[in-house]
Each structure stands twice: as structure tokens, then as C-alpha cells.
Amino acid sequence: MPPDLNRRRVLAAMAALPVDGPGGAEPAPASLRAAARLSGRWYGGAARLDHLQGDADFRAALVRECGVLTPELELKWAALEPRRGELDFRRMDALIDFARQAGVAVHGHTLVWHRSIPDWAQAAMQGPADWRLIERYFASVIPRYGEAITRWDVVNEPIDPAAADGLRDSAYKRAFGPDYVRRALETARVFAPNAKLMINEYGLEYDDAEDRPRRAAFLRLLDRLQAKGAPLDGVGLQSHLNLGKGRLSQTSLRAFLHELAARGLFVSVSELDVKELDYASPVERRDAAVAALAQAYLDAALDEPRMVGVTTWGLSDRYSWLEVTPADLRRFPGAWRDGSTPGVNRGLPLDAALQRKPMYQAMLAAFAAAPGKTAGSSII
Ligand code: G3I
């Protein structure tokens, strides 16, 4: 090898090494949970029990990377009580056992959600309003997991900015009126005197015509709840990011988070993932676009001192609710004629082979750059 080329190779290799500070190079954290912890926050992932039980590699990755597990399906009402009075806790109990043995916390997702009401309860809610239906359900579920679950998404996705009161026209609102959100929080507090009670919502991430009214309606709901003294501790911003939605404004995101924090609430990123736009680009370009958006979002989000943790909706592209749809494929006529495919949506920190992606590195960098937080340490 010519000496010059050899020298250039050595220099290039040295440039790739971490730069030593006065105390020597800091080793990179070994996992997302370790990186989050260093900034005083949690990192978690959502997963399904069948994937954890049936896929040992995925299970190991989740235990390595996540300090918190959000049950993707198992803790929803329709999953727990498909027939009235026949509560089936087997899958949720198994998930709790797994988490306990693995030393992973469990996030309580979710008690009141218009998309997870069992058919029999939907029917019951069309009759005379009887809040005991909700009380009975909360009484069966919340105390059972009182030790294991210290944070509950009490109400999920209540917002519809098109409604005069800003609340979605759900079975809950139709049966119990718009006050159902406050009542759900009050009832949850009875059964979970020490847990953190939260509202979880989507579509709050962008400063665009869709999300701006959603943010305003969300803030109005929080103000009404607080004026009535409702026991609300924090909010979750789902954070399903989308490369098709255009620019993400860090300035307006910071301002929105500040509005939430000014109400004394803690804030979390509860369902982060990225829907891709350009499936026809080379994988490196696709991954770079996903990582850049995730990092821009987290850099702004983690600037907020009351931001206490980040959860991704899934961990690996192997299991993501985001799919490459036929409509996505139709946007690229002529692509994949050679028989190749775009594969899966690549919007999570690990790829489908469970390898760390640029999004993973972007999350490490965002946690490393994050200023400390001020919300109580008991929350993480
Ligand atoms: O397992 C059954 C299968 O046996 C059946 O043949 C099939 C027919 O539809 O359904 C399968 O169950 C589906 C389940 O996912 C597992 O794939 C349900 O229909 C489907 O509704 C369920 O979707 C979940 C959805 O919440 C509703 O519970 C998604 O996996 C889950 O990712 C999604 O999570 C939500 C959050 O809770 C709230 N925020 C948005 C987020 C994404 O939609």
C-alpha cells in the first residue's frame, strides 16, 4: 500500500474515534434506556404479548433497550372484557409477570378510549346513562395492577376540534356528556390514589392547519379540567410523526410544550414513530430522513424541563402498526419493476433485523444533548 494512502486511512480511522476530553472519552450509553436515564428520563417501547412470547430476539432487544413497556393491546377494555362480567386477565397478567422479571416498568394504556369499547358496553351506553358501568370496570382493573402500574392513560384521544366543545363525539360523550373526562379522572383517582393520571392525545405535533386547532382544543380541555380541580398529573403527546406532513416547527412545539408545563403538568412523548414518504429512495436516504425528523422533534421536546420520558410505538420495524400501503406504492409508478420491494416502513429505532438504525443514533444524541428536567423524579 502506498504510504500516503496508508496514512490517510490511519487519519480517517482516528477521525472516527471519540475525541478525548480532559477525563477521557465518555463511553456511549449501551442502550436507549441508559441514555434516557442519564438525562433523568425514561425510554420505553410499546409491544404485544404475542410478539414478546414468540420472538426471543425481539424480547431480548426490548429488555435491553426499554425501561418501560406499554402494552399495545392487552390493557384495552375490549381485550380484557369481551363479554360482560367475564374479565380475562390472563394476557395482561402474563405481560406484567414478564415485565417484573425483566425489571421493566409498565405504562397503563389505556382506560377510556372510544376505539376499545367492548360491543356489549357500546350497547349498554346507548341505554340510560349509568356511570357504574365505568366504575365497575375501573374497580376490576386498576387495583389489580396497583403495584405494577404507576401511570395511567386514563383518557385516550378525547379531542375533536370541529366539535363546539372540542371533544370527540364518542360513545362516552354521548352517554355521559362532555364531563366524562373529568369523571373518569376522578374515578381513576379513587382506585389509584398514588398513580400519575394522564390524558394521551395525537395530532399535536405540527404547526399546521390540522394540528393547530387540535392544540387549542386540547389546551381548552386542560383548562376546563383544572378549573374543576380534576386530578390530572400529566399528558402524553403520541407523536406519530409523518414525513408527508411537511416542516416540523421546533419553535411552535417548544411554545406548545411550555403552555402545557405552565399548567403544572408533566409531559411525555408516548407513541413516537415516523411514517415515511419516499419509499423509492435508497435505504440510507430513507433512514436519514426518518432520523432527522425524530431528532428535530426530540431536540425540541427534550428542551422542555417538564418532559419526563419518551416511548416509541414499537421498537423494531419488524412489528409496527405503520404499514406501506397500496396508496403509498401507487405514488411511485415504475418503481420496483426489477422485482425488489420497498420492504416495511422504517420508522422505529431498530430495523426489521433488530439492528440499530440512524433513528436510534438520533435518539441517543437527543438524550445526550437534553438539559436536565424539573418535573418530579417520582414520575420516571
Ligand atoms: O389479533 C386479531 C386477529 O385475530 C384478527 O383476525 C384481526 C382482524 O381484524 O384483528 C386482530 O386484532 C387487531 C390487533 O390490532 C392485532 O393486530 C385488531 O383488529 C386491531 O384493532 C388492533 O389494532 C391496534 C389498535 O391500537 C387498536 O387497539 C394496534 O395494533 C395498535 O398499534 C393501536 O395502537 C394505538 C394506540 O392504542 C392509541 N394511539 C394510536 C395507536 C396506533 O393506532
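How much space lies in the second largest cavity? The figure is about 30 Å³. Before I go further, please note that this is a predicted model, in which local features need pLDDT of at least 70, side-chain atom pairs count only at pLDDT 80 or more, and totals for chains, interfaces and linings use all residues. Residues are numbered from 1 along each chain as its sequence is written, and side-chain values use heavy atoms, with hydrogens and water left out.

On a 1 Å grid over the protein atoms alone, a cavity is a set of points where a 1.4 Å probe fits but cannot get out, whereas a pocket is an open set with protein on both sides within 12 Å along at least five of seven lines; a lining residue has an atom within 4 Å of a point. Grid points are joined across faces, edges and corners, and a volume is the space filled by probe spheres set on the points.

I begin with the cavities. A search of the whole structure finds two of 30 Å³ or more. At least two lining residues come from each of strand 3 (105–113), strand 4 (149–156), strand 5 (196–201) and strand 8 (266–275); strands (E, at least two residues) and helices (H or I, at least four) are DSSP runs, numbered from the N terminus. Strand 8 gives the most, with three residues. By class, this lining has three nonpolar, eight polar and three charged residues. Here Ala, Val, Leu, Ile, Met, Phe, Trp, Tyr, Cys and Pro count as nonpolar, Asp, Glu, Lys and Arg as charged, and the others, Gly among them, as polar.

The residues lining the second largest cavity include Trp113, His114, Glu157 and Arg168. Strand 3 and strand 4 are the elements that give two or more residues to that lining, which divides into six nonpolar, three polar and two charged residues.

I turn now to the largest pocket. What volume does it hold? About 610 Å³ of space lies there. Of its 28 lining residues, Glu157, Gln238, His240, Glu271 and Trp321 are the closest to its centre. Strand 3, helix 11 (211–227), strand 7 (240–242) and strand 8 each supply at least two residues. The lining has nine nonpolar, six polar and 13 charged residues.

Where does the ligand sit? The ligand is in the largest pocket, in the sense that more than half of its atoms lie within 2 Å of the pocket's grid points. It is surrounded by 14 residues, the closest being Glu72, Lys76, His109, Glu271 and Trp313; a residue counts if one of its heavy atoms lies within 4 Å. This shell divides into four nonpolar, four polar and six charged residues.

A polar side-chain atom of Glu271 lies 2.7 Å from a nitrogen atom of the ligand. For Glu157, a side-chain N or O atom is 3.1 Å from a ligand nitrogen. For Arg48, a polar side-chain atom is 3.2 Å from an oxygen atom of the ligand.

Finally, the backbone. Glu157, in the loop between strand 4 and helix 9 (171–176), has a positive phi of about 60° although it is not a glycine. His109 and Thr110 are joined by a cis peptide bond, with omega about 0°, and Thr110 is found in strand 3.

Note on methods:
A polar contact is a pair of N or O atoms within 3.5 Å; within protein, one must be able to donate a hydrogen and the other to accept it, and residues adjacent in sequence count only if both atoms are side-chain atoms.
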